Amino acid sequence: MPTRALQTFSRMVRCFGSQGAYLLAAGHQICRCRISCHGRRHYSFLLDEVKSLRAVVSPDISKIRNIGIMAHIDAGKTTTTERMLYYSGYTRSLGDVDDGDTVTDFMAQERERGITIQSAAVTFDWKSHRINLIDTPGHVDFTLEVERALRVLDGAVAVFDASAGVEAQTLTVWRQAEKHHVPCVCFLNKMDKPAADLNFSLESIRQKLKANPVLLQIPVGSGKNFTGVVDLLTNQKLIWKRKSTGDDGRAFEMKALDLCDDAELLEAASEARTALLEQVADLDDEFAELLLSKFSDNFNGVPSIKLQEAVRRVTLARKGVPVLCGSSLRNKGVQPLLDAITAYLPAPNERQHDLVRWYKDDLCALAFKVLHDKQRGPLVFLRIYSGTLKPQTAVHNINRNSIERMSRLLVPFADQHVEIPSMTAGNIALTVGLKQTVTGDTIVSSKASAAAAARRAQNDSGTENKRGENASIILSGVEVPDPVFFCTIEPPTMAKQADLENALNCLQREDPSLKVKVDPDSGQTILCGMGELHIEILHDRIRREYGIETHLGPLQVAYRETILNEVATTDTLDRTVGERRHVATVQLTVTPVDNVSCELAFTEELGPLSPELKAAMENGVNSSYLQGPLLGYPVQNVATLIQRVSIEPGTSPAMVSACVSRCMAKALKLAGGQVLEPVMSLEVTVGEEYLSSVLGDLAQRRGTVRDIQSRHDNKVLLATVPLAEMMGYSTVLRTVTSGNATFSLELDAYEAMNPQDQNTLLKRMSGLL
């Protein structure tokens, strides 16, 4: 087709809107022919495999896979996702993170920085399976994006840099997956790097993640000579022969291992397969029984399909994690990874959700992400657990107790979406028109369906509902971490104040980890975020997307406070309001405790308390916890015991709350204050020649070195450093190491600041320094 004609066709396709993308993809695939050479596989859609729009939208629930890609920074998540989309026939070319043309990194900030900032959902088909995939960030500042993605996913792919193994942020995302009981598949990426080490990566998974890696592939070649993998289930060799620099890796050779192959490879494959059979037999009783009964004379005679079924059972039971190898950037090993996703990760109906049983065929969905579109307004991502979702219908938000009308229903594909007539259970959908819904809300078809589900939940003999009728029929929301950085933000002029407030409201709805509050004394707007990069990205988005040139105050750290001593105090409030006199006396004790946010208890001598009085005293204590006696930061690690309460008739609960609050403030002040500062777990990977410079810099930052490990030609420095000392660390590290170092941070704990540093902080905060 001539170039001019091809350009004209592309413009025509774009005029059709979102459905044109499917026409273009279909036309592109029709032009491809199948390579039928001996022993060669060619993964792509053929003419008879192109799906109609209806077939793409409504697959059987057993054919759906909701998965997330999670990893440490720069392990290759986005590149792996890009290859999946290309090999499945949903993109026309291979995108590159460095070139800024990937599908899932569509934000301007992502393409400029070469990092993933917000999770992006894409939907595609692979071998009669529907895959709903979410590409998540790898930076600790955007850990909420990983949290809310894993909350609604059924499985995950953990990507590792084969030369580094388990890194700092890998630990964080793995813990998040463990918390939500998400089965995982591991992909050892970058096997083409000179320092790639299969055994080192497997050992780090065992030691650091406390997981049980089930090796399904071994690499063929190493470093630049990495050409493929050996599939241990089938004893077949998969080889990607690169013919030119433009080779896309779509075609590869698949042939059985034979005696003509390298003897060292044959021996390694034989040992690895024997180890695989033994490991799976130890983890799965059904497979062990099969081996001992039918294949006791020859373990290698077990059919590969039986071994695959056993690995699937082990994966779903979370007794082990399948491990595959490849190099996404070099287009090797991604197709077998897609096969593993469909073979080993669960379908939505294989995950246990009690709510599905109670709602039956009625709609039940969870809103897990909100985006703002200038043309469409709020776009709400929903995971559908039961029932069917249709546009132009009214839905009930249980959390907000409101009725909203959904105008349109879309299939998410990064920043391009396809409008559809309906969506069934097990899928992830994008909705337009839900203006009040926020992250964590439960969406049902009507109040009547929610009431019916509540009745079924109460009648369920295995359910003990102690939190009220609606508690058990509401899906658990997303756990939002507390912010650790804050700064002031101001508009360029007062005329822009309303626009800034609107922008911040929209951003808060999109990102629940962003907190905005107004200082009651100064009237300034305070921006609270998860880190320096988080605040920087938000500031840039306000400038680009909302056109407001805001000014940021200096970044500050969110400290906490606690007490040093146990103190008992008594306070009396005697106040006359109008003709009514309010008199209340409270005696309480505050005690320092370890690793507790805050506790409140009542002595038995008080006897039964009315709900109103108990709530008033709880409010008084909690209000005091919000503002510590030293610097006004929240108080933690304090236990409060209310010993005596004396109230004259006619005293209102509000006055009782005020009395308790005043008594608490007095007790906290007498108990002696202690500042707690956030301490970060730091991991620096650096060449040995720069190690002394990095250690010297950390010593000036009050850092404590925990360990120094060797990783190939580099040193890995593990340390704990106060967050206040880490501002601008990335710039300093680049300077002292000439750019030859990487680092990652993770919040470790809040620890007591030493007296000298605390005294310096108090002076600085009071303006004496």
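Q: Where is the place of N401?
A: In this predicted model, N401 is found in the loop between β16 (393-397) and β17 (402-406).

Q: Why is N401 called exposed?
A: The relative accessible area of N401 is 53%. The term exposed requires a value over 50%, and N401 is therefore classed as exposed.

Q: What makes the phi of N401 a point of note?
A: Phi of N401 is near 50°, a positive value in a residue other than glycine. Most residues other than glycine have a negative phi.

Q: Why is R702 called partly exposed?
A: R702, which lies in the loop between α19 (691-700) and β34 (704-711), has a relative accessible area of 25%. Buried means under 20% and exposed over 50%, with partly exposed in between; R702 is therefore partly exposed. Its phi is near 60°, also a positive value in a residue other than glycine.

Q: How do you know that strands β18 and β19 pair?
A: Pairing requires at least two bridges. Four bridges join β18 (residues 408-413) to β19 (residues 416-419), so the two strands pair, and they run antiparallel.

Q: What span is expected of helix α9, and what span does it reach?
A: Helix α9 (residues 263-283) has 21 residues and reaches 30 Å from its first C-alpha to its last. This is close to the 30 Å expected at 1.5 Å a residue.

Definitions and conventions. Residues are numbered from 1 along each chain as its sequence is written. This is a predicted model: local features need pLDDT of at least 70, side-chain atom pairs count only at pLDDT 80 or more; totals for chains, interfaces and linings use all residues. Side-chain values use heavy atoms; hydrogens and water are left out. The expected span of a helix is 1.5 Å times one less than its number of residues. Buried means under 20% relative accessible area, exposed over 50%, partly exposed in between (1.4 Å probe, protein chains only).
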